[in-house]
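Subject: Handing over a structure, with notes

Dear colleague,

I am passing on the structure below, together with some notes on what was found in it. Please read the notes with the structure open beside them.

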Amino acid sequence: HPAASLPVAVLGDGSSLLNSDESFRVAGGNQGVAHELARRLGPAVHLSTAVQAITWSDDHVTVRAGGLDVAADRAVLAIPARLMGQIACDPPLPAWKQAALAGVAYGHAAKLAVPLHEATGPSATLSVPDHFWTWTAKGADGAVAPVANCFAGSAPALAELGVTAGPGRWLDRLAWLRPDLALAPEGAVLTTWDDDPWIGASYSAALTGPPRQPAELIRAVGPLRFAGEHTAGVH
């Protein structure tokens with residue numbers, strides 16, 4: 001989000017972006033965690049199967065998804081708060097839970113990955129006028145992967161980079177910012193979240209105004225348990 005919509009307290013977290021501590025990532029990408037969980041669960045995992053309805057009582061729950069009814073004693077709803085209103089709940093969730101979910105604000109972000117023709121060292125650079133980070137980092141083998149990674153946040157920044165029209169302007173700005181990198185723009189991959197039907201935004205953000213209600217976001221309702229990044233408190 002633009003700085004004007006954020007509480008000044010977020011500056012207290014800024015030091016974590018400006019130190020020299022080594023950062024760690026999941027080798028092969030964070031999706032490896034989900035892929036391994038899915039592998040262990042096997043056919044119990046149903047992909048691209050949207051939940052349409054949840055019927056629940058104090059000790060039982062039935063979830064309807066893609067023509068499939070799944071009955072259980074408990075259900076964990078790790079659904080983005082902004083999508084909960086698209087699921088029919090019978091009975092409806094209590095008013096306090098609906099208010100807590102409705103109070104979750106979401107940010108806007110995009111990523112750009114650009115292959116490199118030549119090897120390079122680890123690096124991280126911020127474009128102040130364009131509001132995006134770019135970095136190179138080590139892969140699982142300990143060598144710096146031949147790719148320039150970029151991240152941009154806030155709707156105005158994405159609009160300036162023209163992400164809805166493709167990666168062209170962002171590639172131009174990256175070339176201006178990092179003339180030291182031998183970019184291979186023909187292989188660029190642009191990832192946006194605003195047009196992803198499974199969330200339609202990036203991740204939640206604490207804005208100025210009424211505070212988020214983490215206790216209500218996490219609090220169970222009958223057999224329903226609530227999870228997801230928006231329930232994680234400060235971080």
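Predicted model: local features only at pLDDT ≥ 70, side-chain atom pairs only at ≥ 80, totals over all residues.

Residues are numbered from 1 along each chain as its sequence is written, and side-chain values use heavy atoms, with hydrogens and water left out.

The chain has 5 helices and 13 strands, where helices (H or I, at least four residues) and strands (E, at least two) are DSSP runs numbered from the N terminus. Along the principal axes, the C-alpha trace of the chain spans about 60 × 45 × 35 Å. Of the 235 residues, 28% count as buried, with buried meaning under 20% relative accessible area, exposed over 50%, and partly exposed in between (1.4 Å probe, protein chains only). The chain exposes about 14300 Å², of which carbon and sulfur atoms supply 59%; accessible areas come from the Shrake-Rupley method with a 1.4 Å probe, and for residues only the protein chains shown count as cover. Among contacts (heavy atoms within 4.5 Å) between residues at least 6 apart in sequence, 64% join residues at least 24 apart. The mean positions of the 15 positive and 21 negative charges are 4 Å apart, with Lys and Arg counted as positive, Asp and Glu as negative, and His and the chain ends not counted; the place of a charge is taken as NZ of Lys, CZ of Arg, CG of Asp or CD of Glu.

Strand β7 (residues 109–115) is joined to β10 (residues 147–153) by 7 bridges, and Lys 111 stands opposite Phe 151 in β10. Another 4 bridges join β7 to β11, where Val 189 is the bridge partner of Ala 113.

A second open sheet is formed by 4 strands in the order β3-β2-β1-β5, with mixed pairing. Here β3 (68–72) and β5 (88–90) stand at the edges, each with a single partner strand, so one side of each lacks a neighbour in the sheet. Within this sheet, β1 (residues 51–56) and β2 (residues 61–65) pair in the antiparallel sense over 5 bridges, and Thr 55 has Thr 62 in β2 as its bridge partner.

Finally, Leu 116 is found in the loop between β7 and β8 and counts as buried, at 9% relative accessibility. Leaving aside neighbours within four places in sequence, the contacts of Leu 116 include Thr 136, Val 147 and Leu 181. By contrast, Leu 116 and Thr 55 are 61 residues apart in sequence and 51 Å apart in space, C-alpha to C-alpha.

Key
Pairing = 2+ DSSP bridges.
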